[in-house]
Amino acid sequence: MEEFSLDDPTQLLAAASDFASFPGFHTDTSAKEFLDQFPLPVIINALQTKADVPALENALVGSLERIFRTKYGATLIPHFMPFVVVGLGADSQRVRSLACKTVSCLLENDDGSAHLVREYDIYPLLLNCLVDGDEQVATASMDVIKNLAASPVCMGMVFPADINEATHLRNLASRCSSLGRVRVMALIVKLFSISHSVASVVYNSNLLDLLVAEVRNVNDTLVTLNTLEILYELAEIPHSTEFLSQTTLLQLLISIISNDTAESILRSRAMMIIGRLMFKENTFAFIDESSAKTVISAIDQSLGLMESQDADECECALETLGQIGSSIQGAALVLIDSPPAARHVVNAAFDWHGHGKQLAALHALANISGETRSVSNRMLNGDAEESLRRLIYEKASSTSKLTPSGLFLSVLQQESVIRLAGYRLITGLVARPWCLMEICSRQEIISIVTDTYTETTKIGMEARHKCCQAIYSAFMSSSKLIGDPSLTGIAAKMQEAVRKGPYLGSKQVESQPVVKTAERF
């Protein structure tokens, strides 16, 4: 092997730059060839002593990241753990990020490496990177800690039994900056998302209460908003409703929604979190009806105050009612109370003066009508169904359209995003005999939903075809309509539209030769 001198790092810089910028994947062979030419101790030495050489650090860090991602490179990491420790505490943010990623590579490629993390006391250094590093370092350290928590062998490091342990996340959050606390909370969400069993450990460690307590921080709107954003991510996790319903979060969010002196954006985020929590099929297994009614009442009152004010907040409220109404129990609750909260949704869905509000309301009404539920679960109980029918007919009679079919047609004659919401609405509503009759009474509606050239986007084509399927299925299930000779043409037209599928709208264009005079120079 040719001897390499650190006095002149030019050769190393050129080789490392080429290796780091190689467009394909590096194999074990290419990694070994590079390290045969420039041994790992030489690279680490250069990284420590030649940081002032322009572009050298970036090139070395980039090449080492790619080396350690190979299986061959990962096998070398256990022999250089002291350098990893030094890297985690380095002044250079790029080196700290490299060190975090190196630990990730170690854990991903060596199931027995947990003892090395303990032996070299790596975990406290990762926490320092989390709260003190730049964004890239914090992200890299979160990934490592998530890997540790996912391992039964290492879980005890992340969730120490002793609540007074310095590395306990509650204690870490209490002694770091506001940015550090936000990062700790973001880490808690990542840990919570690993699995139901890990989420249970997070809950039993009282870490969810840390997020709830931060929302109560009324002295810093920015921190509160950041925490709500983190809770919004947490609410998307499948098992979030089960655990968050056992905290005081729901009551806290209701108080924010009901507080007309709070910032509009805080109320909006509170509603969005509730919407995600209650959009799950098992929502009412964990949230009782009384709490759900309190949520709906708070949103109903809020909508009554702001319908002519903040458009974004109004859209969030309408969307949240739709998410709550996506389940049978939730739909009944938004429809049955007196007056029903769903009146805001119906009124906005057919209000042509607010594009964003109308779009949010149409999608919300589609959810309440059952578009997201299975066909067998679209119909509600008698009182809820009567309320839904009455709200739509009353709205129609108060407009120039006069009938629900006129409202539906008007929606389908608008731009594509509104049409898409209209398809969803009809898909959910048409299971009701009164709606099916309204649809069949307007030939213009049938023409639009069966026209395979109407939509040009994939999502639009699929929504239109699903609407066709729902109308045809409801029609064929109605003995009254099947036996009506005047509707035979509609049945045939719907059947043909269903048979064609969603994507057969564009005419097939044959390739044609083009003949033109050659250009001469």
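These notebook entries record what I looked up in a predicted model.

**Conventions.** I number residues from 1 along each chain as its sequence is written, and side-chain values use heavy atoms, with hydrogens and water left out. Because the model is predicted, local features need pLDDT of at least 70 and side-chain atom pairs count only at pLDDT 80 or more, while totals for chains, interfaces and linings use all residues.

**Arg267.** I located Arg267 in helix α19, residues 264–277 (helices are DSSP runs of H or I, at least four residues, numbered from the N terminus). Arg267 counts as buried because its relative accessibility is 11% (buried means under 20% relative accessible area, with a 1.4 Å probe and protein chains only). Beyond neighbours within four places in sequence, I found Arg267 in contact with residues including Asp260 and Glu313 (contact means heavy atoms within 4.5 Å).

**Helices α27 and α28.** I examined α27 (residues 404–412) and α28 (residues 416–429), whose axes come within 8 Å and cross at roughly 145 degrees. Axes are lines fitted to C-alpha atoms over the stretch in contact, with angles from 0 to 180 degrees between N-to-C directions. From α27, Phe408, Val411 and Leu412 meet residues of α28, among them Ile418, Arg419 and Tyr423. By class, this contact has eight nonpolar, one polar and one charged residues.

**Cysteines.** I searched the whole structure for disulfides and found zero (a disulfide is a pair of cysteine sulfur atoms within 2.5 Å). I noted Cys435 as buried at 0% relative accessible area, and Cys468 as buried at 0% relative accessibility.

Note on methods. Helix = DSSP H or I, 4+ residues; strand = E, 2+ residues; numbered from the N terminus. Buried < 20%, exposed > 50% of the residue type's maximum accessible area, 1.4 Å probe, protein only. Nonpolar A, V, L, I, M, F, W, Y, C, P; charged D, E, K, R; others polar.
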